[in-house]
Amino acid sequence: MKFDCIIIGSGLAGIWCAKFLNEAGLSTLIITKKQVWDCNSFYAQGGVTIANDENDVPLHIEDTLKAGSFHNKKEAVKILSESSLKLIKELSTYGFRFDPGVTKEGAHSIPRVYHKGGDATGREIHKFLFQKDKSFFIDEALVFDILIENNIAYGVSVLHKNSQYNIYSNNIIIATGGIGALYKYDTNARTIAGEMQGLAIEKGITLKDMEMTQFHPTVFIEMKFSQKLLITEALRGEGAHVVDENGKRFLFEYDKRGELASRDVVSRAIFLHQQKGHKVYLDVSMFDEEFFKKRFPTIYNKLKDYGINVPYEPIPISPAFHYIMGGIEVDLNSKVKNFKNLYAIGEVSNTGVHGANRLASNSLLECFVFAKRAAEEIIKNNFKTNSKNFPITTEKLFKNDDKKYKNMLREHMWKNVGIIRTEKGLKEALNFIENSLDKVGRMAKLRFLTAREIVKSALARKESLGAHYRID
Ligand SMILES: Cc1cc2nc3c(=O)[nH]c(=O)nc-3n(C[C@H](O)[C@H](O)[C@H](O)COP(=O)(O)OP(=O)(O)OC[C@H]3O[C@@H](n4cnc5c(N)ncnc54)[C@H](O)[C@@H]3O)c2cc1C
């Protein structure tokens, strides 16, 4: 089997990239680990940031840079914001329309976040785009290798229906998302495990800013599934209060912006308040029930299932791992450094737009903008690989104790590589990771390699910056 393009991952970045490749007549195969919707894009609630008009571009850029502690790549941020201006027209020409009105989220100076289906933005966009997608498609297929020689990617190895085989292509696009499963508490889809970042390390591909991991401040963690329920930032943007068991809005003790401070600030404040023995809640009692139900239907229904009578009863919340700003280093056209035909798009990539912390709702926008740029670059380059056959790795993909080690990793990452970091804790995590690497199968090993890179980067950055917070 040989295609013009293989896209690994069926999230928004992958599917949006496929749209342009298909329109250009390139044969495109999307490979995805589980079901098509089993991705973070499907669970996105708040929305997509789109600059209001040309006058808003400088302010959107400034908000993005401020949230990212000015660690961002300015050129990439400019492209992000300027390209957003065309997105509404592009989507509506394709047949997709957002809900009327825009909302404001934490650290945005003005309202500019578009949503759909109330708090079901990701689900609605993803469903719409997938229904129109014309790619070849394999689900329940796990990519466990990328076949590389002399800086050219020739194809991938997949495990599909209990058999392992190679698929070849002229271009490979990695769109495998973030790293949620590395942390004990996380908001991510169950398929998001950071394996491709580990594979990148194995292949000598550069990762950047891996210490920059974002924790979402308002997550309902009292549920049995490993994926915890995110309580969208839009709620705080629209007036919800973070309070403790005494009803006190304690965030103002940490930052004068209170609920509207950036994610890292709010997460740290909640974490520190919890460490002082307090319980933390999101008070949504100021919302009318009918409005709440219509505007935030996912949250309303899920919390009712867990016996929380919103909006009358406060929602118990805690921070949880949410998003990684770091990833595979790419240029402004999403091409992996030193490669002729390898691309990374969406959360797995590091375009530089988010810097040390991501501005809320900038990641779906990044998927749209940089996935399209990747497609345009691929179409322009028209790169062809020679026919070549690669052997399949003989490494065992899974071992008996993988689950045990993966759970221990999740504990270590949460405790030692979380919201507040110290050299002692980071070294403890590093020690555990290095001693575990040869005990697990290949797929778990790839996760461990990613985790090791996060820890090493966190150790190397001795000062606090953005989402990376060192108390020593
Ligand atoms: C609960 C939640 C709410 C969010 N809300 C917002 C929001 O409102 N606005 C915003 O901008 N951002 C939001 N985000 C972040 C945003 O959703 C993600 O950053 C974005 O969707 C990532 O898209 P992606 O296409 O890069 O990856 P994903 O959508 O995560 O897709 C990754 C794909 O790769 C596949 N995959 C992974 N590994 C393999 C493998 N080894 N083999 C084969 N396939 C593989 C997965 O199965 C999946 O299909 C939210 C995230 C979460 C978790």
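Two strands count as paired if DSSP finds at least two bridges between them. Helices (H or I, at least four residues) and strands (E, at least two) are DSSP runs, numbered from the N terminus. In this structure, V156 stands opposite I167 in β9.

The model is predicted: local features need pLDDT of at least 70, side-chain atom pairs count only at pLDDT 80 or more, and totals for chains, interfaces and linings use all residues. Residues are numbered from 1 along each chain as its sequence is written.

**Overall form**

The protein has 15 helices and 19 strands. Its C-alpha atoms fill a box of roughly 65 × 55 × 40 Å along the principal axes.

Of the 472 residues, 54% are buried. A residue is buried if 20 or more other C-beta atoms lie within 10 Å of its own, exposed if 12 or fewer, and partly exposed in between, with C-beta atoms placed from the backbone. Among contacts with a separation of 6 or more, 74% join residues 24 or more positions apart. Two residues are in contact if their C-beta atoms, placed from the backbone, lie within 7 Å.

**Domains**

The protein is divided into domain 1 (2–142 + 322–381), domain 2 (215–321) and domain 3 (402–460), with bounds from an automatic or database domain assignment. The C-alpha centres of domain 1 and domain 2 lie 26 Å apart. Contacts between these two involve 15 residues of domain 1 and 23 residues of domain 2. The side of domain 1 that touches domain 2 has five nonpolar, seven polar and three charged residues. Here Ala, Val, Leu, Ile, Met, Phe, Trp, Tyr, Cys and Pro count as nonpolar, Asp, Glu, Lys and Arg as charged, and the others, Gly among them, as polar.

**Ligand shell**

The ligand is surrounded by 43 residues, and the closest are G9, G11, G46, G177 and G346. The shell divides into 17 nonpolar, 21 polar and five charged residues. Helix α12 gives the most, with four residues. Other elements that each supply at least two include α1 (12–23), α6 (121–132) and β7 (141–149).

**Strand pairs**

| Pair | Sense | Bridges |
|---|---|---|
| β7 and β8 (152–160) | antiparallel | eight bridges |
| β8 and β9 (163–174) | antiparallel | six bridges |
| β10 and β17 (327–329) | antiparallel | two bridges |

β7 and β8 form a hairpin with two residues between them, and N150 in the turn has a positive phi of about 45 degrees. D145 stands opposite S157 in β8. β8 and β9 also form a hairpin with two residues between them, where K161 in the turn has a positive phi of about 50 degrees.

Three strands form an open sheet of mixed pairing, in the order β10-β17-β19. β10 and β19 (349–350) stand at the edges with a single partner strand each, so one side of each is left without a neighbour in the sheet. The bridge partner of L207 in β17 is I328.

D209 lies in the loop between β10 (207–208) and β11 (213–220). D209 counts as buried because it has 25 C-beta neighbours inside 10 Å. Not counting residues up to four places away in sequence, D209 touches M325, G326 and N350.

Conventions: A residue is near a molecule or strand if its C-beta atom, placed from the backbone, lies within 6 Å of it.
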